[in-house]
Amino acid sequence: MDEHLADQEGELLPYLLLADVARWAQATYASQPQAVGDVVDWLEVEYVRAEPAEKDLIGLGFVEAIPYRPEGAPLLARLGPELTQVADDLGLLTHPGELS
């Protein structure tokens with residue numbers, strides 16, 4: 001959060017912050033699966049309870065920032081059912097160039 005605020009001259013930009021969280025999760029998952037899993041689980045719970053604007057924030061800020069397979073496969077596989085559906089809707093579960 002501190003790094004995000006410094007990069008954005010003190011302004012919190014939620015979509016960019018969640019994209020930063022997704023990049024952290026992708027980079028950290030192999031070495032800290034529990035920490036990443038805790039964040040992913042929390043986002044899943046919040047997504048289920050969220051209003052449409054917050055669903056968009058989690059879906060487009062976090063899920064959309066996860067890389068396509070094969071690079072993003074471990075993190076994509078760790079998503080809960082609701083966020084997995086978002087990833088599928090965004091086309092992240094098919095590698096670019098693969099036929100659906």
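In which helix does Ala27 lie? Ala27 belongs to helix α2. The model described here is predicted; local features required pLDDT of at least 70, side-chain atom pairs counted only at pLDDT 80 or more, and totals for chains, interfaces and linings use all residues. Residues are numbered from 1 along each chain as its sequence is written, and side-chain values use heavy atoms, with hydrogens and water left out.

The protein contains 6 helices and 0 strands. Helices (H or I, at least four residues) and strands (E, at least two) are DSSP runs, numbered from the N terminus. From that end, the order is α-α-α-α-α-α. Of the 100 residues in the protein, 30% are buried. Buried means under 20% relative accessible area, exposed over 50%, and partly exposed in between (1.4 Å probe, protein chains only). The protein exposes about 6,200 Å². Carbon and sulfur atoms supply 55% of that area. Accessible areas come from the Shrake-Rupley method with a 1.4 Å probe; for residues, only the protein chains shown count as cover. Among contacts (heavy atoms within 4.5 Å) with a separation of 6 or more, 57% involve residues 24 or more positions apart.

Helix α2 covers residues 14-28. Leu17, Leu18, Ala19, Ala22, Ala25 and Thr28 are the buried residues of α2. Ala27 is exposed, with a relative accessible area of 66%. From Ala27 to Leu75, the C-alpha to C-alpha distance is 9.7 Å, across 48 residues of sequence. Thr28 is buried, at a relative accessible area of 8%. A polar atom of the Thr28 side chain lies 2.7 Å from the backbone oxygen of Trp24. Beyond its neighbours within four places in sequence, Thr28 is in contact with Pro33 and Val36.

The largest nonpolar core has 18 residues. Such a core is a set of buried Ala, Val, Leu, Ile, Met, Phe, Trp, Tyr and Cys residues joined through side-chain atoms within 4.5 Å. Phe62, Val63, Ile66, Leu79 and Leu83 have the most contacts inside this core. At least two of its residues come from each of α2, α3, α4, α5 and α6. Helix α3 gives the largest share, 4 residues. In soluble globular proteins, nonpolar side chains tend to be buried together. Leaving aside neighbours within four places in sequence, Val63 is in contact with Ile58, Leu79, Leu83, Val86, Ala87, Leu90 and Leu92.

After α6 comes Gly91, with a positive phi near 80°.

One further backbone feature concerns a loop. Pro70 is found between α4 and α5. A cis peptide bond joins Arg69 to Pro70, with omega about 5°.

Methods: A polar contact is a pair of N or O atoms within 3.5 Å; within protein, one must be able to donate a hydrogen and the other to accept it, and residues adjacent in sequence count only if both atoms are side-chain atoms.
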